[in-house]
Amino acid sequence: MHFHCKRPAILQVVETNQSGLPSRPQSPQDLRTARANSAASAQSAPACATVSDGMNRNLLCALLPVLVLTAAPSLRLTENGRSAYSIVIAQDSSPSERRAAAELQRFLEEISGARLPILPDSASVRGNLLLVGRSRLTSSLRFQIPFDQLGDEGFAIQSRGPHLAIAGGRLRGTMYGVYTFLEKLGCRWVAADASRIPKRRTITLAPIDETQKPAFEYREVYLSEAFDQDWAARNKTNGMSTRLDESTGGKIQYYPFVHTFYSILPPAEHFAQHPEYYSLIDGKRRGAQAQLCLTNPDVLRLTVAKVRQWMNEHPEATIFSVSQNDYYGQCECDHCRRVTREEGGAESGPLLRFVNAVADQVALTHPGKLIDTLAYFYSEAPPSLTRPRPNVRVRMCPIGACNAHPYEQCPHNAYIVKNLKAWAKITSNIYVWHYNANFSHYLLPVPDFDELAADIPMYYRNGVAGLFMQGSTPAGGSEAPLRAYVIARMLWDPRTDFWKTVDEFHEIYYGSAAPSMRAYLDLLHSLVRPQPQGEAQHWWCCRAPRMGDTRLNQAKQLIKTALAQATDDTTRRRIRQAELSLRYLELRQLQSFTIRDGWYAPTGLDRLKTEWPAFIADAKALGVTRLSEEAELAKDDANFTATLRAYRVVTLESSTLRLHLVPELNARVVHILDKRSGRELLNQPAAEETSYPNRTGLSASVYPDFVNAPAYTVHWTAELSEDKHEAILTGITPQGLTLRRTIRLAPSEPGIHTETIAGNASAQPLDAVIQSQFDSDAGPMQDALVEFQPAAGPAVRRRMIEPAQQPTGTETYAAERNPNGEWRVLNPGAKLTLINRFPPEQTDRGVLNWSAKSQRRVVLGLWSKKRLLQPGETVRLVSDYALR
């Protein structure tokens, strides 16, 4: 397919030049100005066409109105089920234009009963003509369609006397024009199995002169419900996940799609002989869960060769991804660090310089092809010096966003808006990878419609050229059919009335049950909408909002009412599909663990044992094959079922603290209560978090290395002292490491002493490093901070929330930056001071982790020195905690 490297201006009110054709801005600054002017003038754009016979006259306006409507006579396309019109296509029409003509014929017949013949322009045609695509007749009949302005996907709909032309870009433009024309007649294709085709034996059109081009050059709705070929073509999406083919004008084709560094240089093939190709991390080259060394000239040479190979083997692809792997692990070598410093500290600097170099070289042999990369995790902020080449697309991935609220209105998203605007200043070729699913729990509610309604237009105003809207796959995610439809409509024209489109979907998809299902959607969104009507919760892509009993019962009643209102089995099945989300939310909330009578168990354990299997059976019957991105349904079922049990609790208690630990959960302390204030000191994880309930708390683990190595698996046993002030935990790993962990409460002060000793009881040397961490509930995060004196240099005082910065983060303090025996979590507003003391000679580094999302979480993590333990040797870490 043909895909322009330099994107034309789109979605703007066009100023005409002396030839009468639209003139277009060329520079990125002009483009942004034109977009802003377009948004400002959109409210006053006139209606462009009307349809008689009583249908809704509130129709889509032209995106690029180029001529003023005149008082010419109306066109009577059909009358009483008959038509004097013929559909005419060029002899050399493209596959999508032939499809467009056939679809126009089909749906006009469904609407009116009149079947219009399809004729080639080479035939001797007479009478009233409906021209589909550019042909000799579009010229001879003096249609003034600006084909040179339309690109591959733009189109015009024009009437001249009794004739009508729908014509545009041969690749997909004419086809999109036909579907837009049919939409004006009232046709809607809201889902692959749900549409509305009005019945109207007489169709009369007012004169029309309308030109449209898509707002975004790349429009991918990554939901299984959006993959159907007919649905995608009719709703004008062009992403690679769709089943579009030559008959529909193809699609935007990537190869490969993303996270390609290890596809370019597989560690299994290169790491043993060339570790220098891979990231230097913590003084060691890493070939697992890391990145490439982007300043190594051999890495550049091999990458160019690999990308050229991809281009030769996949000529159908237009965009080739040269992008970081899906984790951190960026290179820390001197050369890469130097580039980062030159780029103002932006980790995107080495990446973009590398990608530009690849793009420059492949452009010499494969002009017209594009290189894609990511602004993701550590590379999200743009560099200060380097600018993307014209044949580079940068996909910004705001994975840390609160997607409950418009980005420009939510303080958690200020850093995303800042990064987006900074990228827009240096390139007009930004794509965005937008998250609209809970990837750990596809079925949990995703109340992001207010955000989508605001932020798709916001992306457009800020110069974004393409959107990848990642939802749930395979089918069955929260509100997936509705989500797919409204997103597709917004990607074509961000001025689309979002909530009117939502209403339209409900009317067509749910029929007589639409009012109840629409009310159910509003109830879900009340969880995140402003108070007092809503609860003002935030929502992130791998967490879920909480629903109290009152709203839960209201939601159940709305579903019950909708089922009673449904008049056919298809609608009832659709309602049951939507209900799965509510049922899954309730079951997950019942999974939340609490302590009762000396046991740590789900609050709704008895209900879960019967309701969970029933839910899984219903999910299977409704076509659900996954509950998460990570696993198939059977594994998700097994993982959840494994948590439906109780764990014995060991309780330590002093005059000031009560501590609960669970030996079977890695000897983890799950609760610490300050008896003086009633405050819980530990962050309490949500049931939907990974590895729940075996996560967070006060814990110690032993690893073979600092990074990229799972902890040793330990089977623990516990002994409690008579005064209940001390627990001695002992354990052993399959490799032969023995562990002894002491947890002791101070008798009168709010203090905790911990000591962990790992010894090698095997006959072979074993690597061992101890990690001890306290996962605290730090109170309201706007007041929380961590401070300490490092081994050398000035004191560190780190606020957890800074203006226009991510609400989560991790910082490692090693060598001279390692805390010198003490660090503390402070929250003056919550009257909290948590002090962690330790022997500095035992520690290698401190790791600070925090999250101000749904949690109030500050984690102090200490790592011992790493030791290669010979048989009989030990490594030790003491970590004490005091509360003020």
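How many residues does helix H14 have, and how far does helix H14 reach from its first C-alpha to its last? Helix H14 (residues 480-492) has 13 residues and reaches 19 Å, close to the 18 Å expected at 1.5 Å a residue; the expected span is 1.5 Å times one less than the number of residues. Of the 13 residues of H14, 13 are buried (under 20% relative accessible area; exposed is over 50%, partly exposed in between, with a 1.4 Å probe and protein chains only).

This is a predicted model, in which local features need pLDDT of at least 70, side-chain atom pairs count only at pLDDT 80 or more, and totals for chains, interfaces and linings use all residues. Residues are numbered from 1 along each chain as its sequence is written, and side-chain values use heavy atoms, with hydrogens and water left out.

Helices (H or I, at least four residues) and strands (E, at least two) are DSSP runs, numbered from the N terminus.

Glutamine 158 stands opposite alanine 165 in S6.

Glycine 345 lies in the loop between helix H10 (334-342) and helix H11 (348-365). Glycine 345 is partly exposed, with a relative accessible area of 47%. Serine 384 is 39 residues from glycine 345 in sequence and 8.5 Å from it in space, C-alpha to C-alpha.

Key:
Two strands pair if DSSP finds at least two bridges between them.
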